[in-house]
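Please read it alongside the sequence and the coordinates.

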Amino acid sequence: MHLLLQKRRIITTAITAVVATGITIAALVAIPLINQLHTQAEQMASRVVDTKTANIQAIFDQHQKLAAQTASRTEIARQLAAYVNGEQSLSVLQPYLKPRLEDAVLSIDNLAVLVRYDISGNEVVRVGPMANELPSAIPLLKTVDIKTYTQTAGEESRPLLHAFSPVYVEGERVGYDLLLFSLAPLQRVFQSVEGASICLLNSDGTQRVALNAETNALEIMPPNRCLASQESRERLAQEGFFRAVDKEGYRVLAFLRSLDGYGWDVRVRSKITQVFGNVIQEIIVTILVIILLSALAGVVVWRALKPIVHAMVEQAEQIARSTEELRLVYQVFEHTHEAIVITDATFRIIRANPAFIDITGADEGVLDQQRIKAFFATPDEDDPLPESLHQRLLAENAWQGEVWLKGADGSASPNLLTISPVLNRRRQVLQFIMTFNDITERVEVEKQMRRLAHFDELTGLPNRTALENHLQQSIQKAREEGGFFALMFLDLDKFKPVNDTYGHHVGDELLRHVAKQLKHCLRSNDVVGRIGGDEFVVITAPLQNEDDAKPVAEKIVEVLNDAFQIEGHYIDIGVSVGIALYPTSGQTAEVLLEQADSAMYSVKTSGRNNVAVASPT
């Protein structure tokens with residue numbers, strides 16, 4: 001085993017050295033490459049964020065310019081100035097402004113509504129596709145903002161971009177224009193950020209605008225999901241990005257950009273795996289190639305040393321398996337509750353487990369070389385291990401039989417003995433392995449089943465099945481010997497009133513007393529049994545002649561006429577007996593039973609408590 005370990009250590013060291021060299025080379029090549037590719041990927045991601053920020057800045061500037069353009073229309077502004085100065089009424093101003101402002105905004109695709117206010121901030125007129133859908137009072141916002149409104153139908157509107165511009169006439173401010181736009185241009189920018197999430201966060205950090213992944217539309221949401229925190233601004237100012245872990249547990253690269261002139265920040269986050277996906281793939285490919293080459297070198301070393309290693313490892317595994325199997329067999333042998341004995345080919349004990357010693361009380365010190373038959377409680381003439389057993393074991397490879405094993409207290413218990421032979425390569429028996437399973441409970445159950453099958457449970461007398469078997473045997477014996485016997489059918493008189501008056505438990509006890517009296521008054525070779533209810537059958541032993549049956553029946557009548565004392569009650573009954581004689585009354589069981597039954601009923605109809613013999617057939 002020491003040599004095996006040494007050789008395995010040499011082979012392992014050689015292969016490890018080859019593979020470690022390859023991994024070292026891979027690391028030396030990969031580290032500078034990783035740094036360079038990471039830097040390039042970060043710069044590229046930062047440039048993408050700069051481009052997106054510039055796009056959003058341009059969209060904000062464009063909509064602010066659209067607000068300034070509508071406010072710069074001179075003639076429309078002069079009419080508003082006349083109203084502000086009290087030279088014109090609102091009822092005259094609104095019909096004038098509305099069509100001209102509608103014409104002015106006709107070419108603005110994403111305009112939702114334009115609201116013109118006077119210098120005091122009171123709404124004068126509104127135009128646009130959503131003019132009638134938004135609330136009647138829209139507060140004047142003097143900054144670029146994004147808000148939603150409850151529409152007249154009760155539903156919440158989509159987020160709208162607010163652009164603001166004052167209205168001047170000859171340098172004097174006379175009112176304001178507030179333009180509300182849909183976020184369609186912004187939505188296109190947000191949707192084009194592949195592999196990243198982008199959001200707008202207002203300057204006071206109260207709300208954010210982001211793309212809803214389910215509806216694929218821009219919505220105003222709580223601010224807690226925009227990743228770049230306030231304290232990260234200094235790092236962002238220096239590097240333009242930083243790494244963090246978002247609330248889902250993903251490692252991300254976060255960017256923050258401010259929109260010049262507006263109270264909004266652009267915040268972008270990209271999963272590290274997305275930013276460096278191609279980088280990681282290129283690095284993995286490079287490392288895998290180097291490791292593959294190292295593995296090939298290791299394979300060459302392995303193949304050179306494979307024959308000796310294989311033989312040594314296989315031998316070691318076989319030894320380990322054999323050791324484990326022996327350990328398991330020993331554990332089973334020592335700790336099982338079943339008695340196990342190992343004998344030689346002549347049934348002399350080689351070894352027995354503790355269970356066998358506990359059951360038999362054998363002396364472990366002198367157990368060796370004793371014959372196993374010494375522990376069987378079986379007469380020598382009923383040898384449970386015959387000489388032919390060797391041939392049967394060789395043919396069937398196992399044998400089972402019932403033996404009675406002597407116990408430590410001198411008693412014997414039934415056991416199911418299983419014998420398995422241990423053979424050599426020439427199929428000669430070297431040893432026997434004997435396993436004993438205690439079947440006492442099964443044997444008792446079988447006895448109980450046989451008793452229930454052939455004996456009446458109430459009286460203990462043979463039941464109908466047992467009587468029919470005995471009757472067939474009596475017929476067969478009488479037919480062979482040319483003898484006589486009688487079949488008597490007994491029916492108790494006045495039994496039903498006993499049940500009705502004293503209860504069934506007294507009736508059952510009466511039947512037990514009757515059964516006992518019948519057994520006492522009959523000869524030892526006569527058989528009496530109960531076939532049900534208060535009906536009994538007697539099969540006599542062989543008779544000298546047919547006249548010998550009637551005295552037996554009369555004795556039965558006499559005995560059963562004595563009063564029975566049961567639970568303090570004196571009970572008088574009688575019995576009607578019908579006799580069928582073999583062979584004069586019949587020669588089959590069916591005919592004899594029928595004849596005896598008919599004779600018994602003739603007694604019942606003629607006064608009961610008497611004997612009648614069936615007529616010859």
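How many cavities of 30 Å³ or more does the structure hold? In this predicted model, the count is one.

**The cavity and its lining**

Helix H11 (464–481), strand E17 (485–493) and strand E19 (535–539) each contribute at least two lining residues. The largest share, four residues, is supplied by H11.

**The sheet containing E17 and E19**

Strands E17 and E19 also belong to an open sheet of five strands with mixed pairing, ordered E18-E19-E17-E22-E23. Strand E18 (527–532) and strand E23 (611–613) each have a single partner strand, so one side of each lacks a neighbour in the sheet. Ignoring direction, neighbouring strands are turned by 20° against each other on average. Within this sheet, five bridges link E17 and E19 in the antiparallel sense, and Asp-491 has Glu-535 in E19 as its bridge partner. Helix H14 (residues 549–560) packs on the sheet and touches E17, E19, strand E22 (574–582) and E23. The direction of H14 makes about 165° with that of E22.

**The antiparallel sheet**

Another open sheet consists of five strands in the order E2-E1-E5-E4-E3, with antiparallel pairing. Its edges are strand E2 (123–127) and strand E3 (145–147); each has a single partner strand, so one side of each is left without a neighbour in the sheet. From one strand to the next, the twist averages 25°. Strands E1 (residues 111–118) and E5 (residues 172–182) run antiparallel and are joined by seven bridges. Leu-114 stands opposite Leu-179 in E5. Helix H3 (residues 90–104) lies across E1 and E2, and runs at about 30° to E2.

| Strand pair | Sense | Bridges |
|---|---|---|
| E1 and E5 | antiparallel | seven bridges |
| E17 and E19 | antiparallel | five bridges |

**His-335**

Is His-335 buried or exposed? His-335, which lies in helix H7 (residues 277–335), has a relative accessible area of 55%; exposed means over 50%, and His-335 is therefore exposed. The C-alpha atoms of His-335 and Ala-355 are separated by 7.8 Å, and these residues are 20 residues apart along the chain.

Key:
Residues are numbered from 1 along each chain as its sequence is written. This is a predicted model: local features need pLDDT of at least 70, side-chain atom pairs count only at pLDDT 80 or more; totals for chains, interfaces and linings use all residues. Side-chain values use heavy atoms; hydrogens and water are left out. Two strands pair if DSSP finds at least two bridges between them. Axes are lines fitted to C-alpha atoms, for helices over the stretch in contact, and angles run from 0 to 180 degrees between N-to-C directions. Contact means heavy atoms within 4.5 Å. On a 1 Å grid over the protein atoms alone, a cavity is a set of points where a 1.4 Å probe fits but cannot get out, and a pocket is an open set with protein on both sides within 12 Å along at least five of seven lines; lining residues have an atom within 4 Å of a point. Grid points are joined across faces, edges and corners, and a volume is the space filled by probe spheres set on the points. Buried means under 20% relative accessible area, exposed over 50%, partly exposed in between (1.4 Å probe, protein chains only).
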